[in-house]
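Biologist: I am new to this structure, and I would like to go through it slowly with you. Could you show it to me before I ask how its descriptions are reached?

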Amino acid sequence: MDYQWQTDVFTALSPTHEVLGKITYQDMPATTHPTYLITQVWVDPAYRGQGIAGQLTTVFLTDVRQRTGYVIPHCPYAKTFIAKHPEFQDLIAK
């Protein structure tokens with residue numbers, strides 16, 4: 001899978017550049033570090049059940065860490081994912 005940052009969306013692409021899934025987010029202004037409000041984690045119905053949402057979320061959060069950023073998990077999937085993965089809990093904005 002390839003991943004691509006765009007304005008307000010982080011996308012997982014197949015080798016043929018088909019959109020497999022995406023995370024939609026909002027940049028939070030007036031913060032000292034990049035902060036992203038995660039509004040949705042979505043996977044194309046044809047590819048659900050293959051672990052794509054988890055892979056996509058893992059890569060997104062890893063990239064946020066590399067950017068010295070934080071997240072506000074607004075969507076239920078992101079909240080549950082971070083709760084189950086303590087290695088990402090330090091990324092939650094205070």
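Biologist: In which strand is the place of Thr-11?

Modeller: Thr-11 is in strand E2, residues 9-13, where strands are DSSP runs (E, at least two residues), helices are DSSP runs too (H or I, at least four), and both are numbered from the N terminus. This is a predicted model, in which local features need pLDDT of at least 70, side-chain atom pairs count only at pLDDT 80 or more, and totals for chains, interfaces and linings use all residues. Residues are numbered from 1 along each chain as its sequence is written, and side-chain values use heavy atoms, with hydrogens and water left out.

Biologist: Why does Thr-11 count as buried?

Modeller: Buried means under 20% relative accessible area, exposed means over 50%, and partly exposed lies in between (1.4 Å probe, protein chains only). Thr-11 has 5% relative accessibility, and therefore counts as buried. Leaving aside neighbours within four places in sequence, Thr-11 is in contact (heavy atoms within 4.5 Å) with several residues, including Tyr-3, Val-19 and Leu-56.

Biologist: What makes Gln-50 partly exposed?

Modeller: The relative accessible area of Gln-50 is 49%, so this residue is called partly exposed. Gln-50 lies in the loop between strand E4 (35-43) and H1.

Biologist: Why are H1 and H2 called roughly perpendicular to each other?

Modeller: Two packed helices are described by the angle between their axes and the distance between the axes. Here helix H1 (residues 52-66) and helix H2 (residues 76-84) pack at about 75°, with their axes 11 Å apart; axes are lines fitted to C-alpha atoms, for helices over the stretch in contact, and angles run from 0 to 180 degrees between N-to-C directions. Angles under 35 degrees count as roughly parallel, over 145 as roughly antiparallel, 65 to 115 as roughly perpendicular and the rest as oblique, and H1 and H2 are therefore roughly perpendicular.

Biologist: Which residues of H1 and H2 meet?

Modeller: Ala-53, Gly-54, Thr-57, Thr-58 and Leu-61 in H1 meet Tyr-77, Phe-81 and Ile-82 in H2. The residues of this contact divide into five nonpolar, three polar and no charged, where Ala, Val, Leu, Ile, Met, Phe, Trp, Tyr, Cys and Pro count as nonpolar, Asp, Glu, Lys and Arg as charged, and the others, Gly among them, as polar.

Biologist: How do you know that the radius of gyration agrees with a compact globule?

Modeller: The radius is taken over C-alpha atoms, and the globule rule is 2.2 Å times the number of residues to the power 0.38. With 94 residues, a compact globule would be near 12 Å, and the protein has 13 Å, which agrees.
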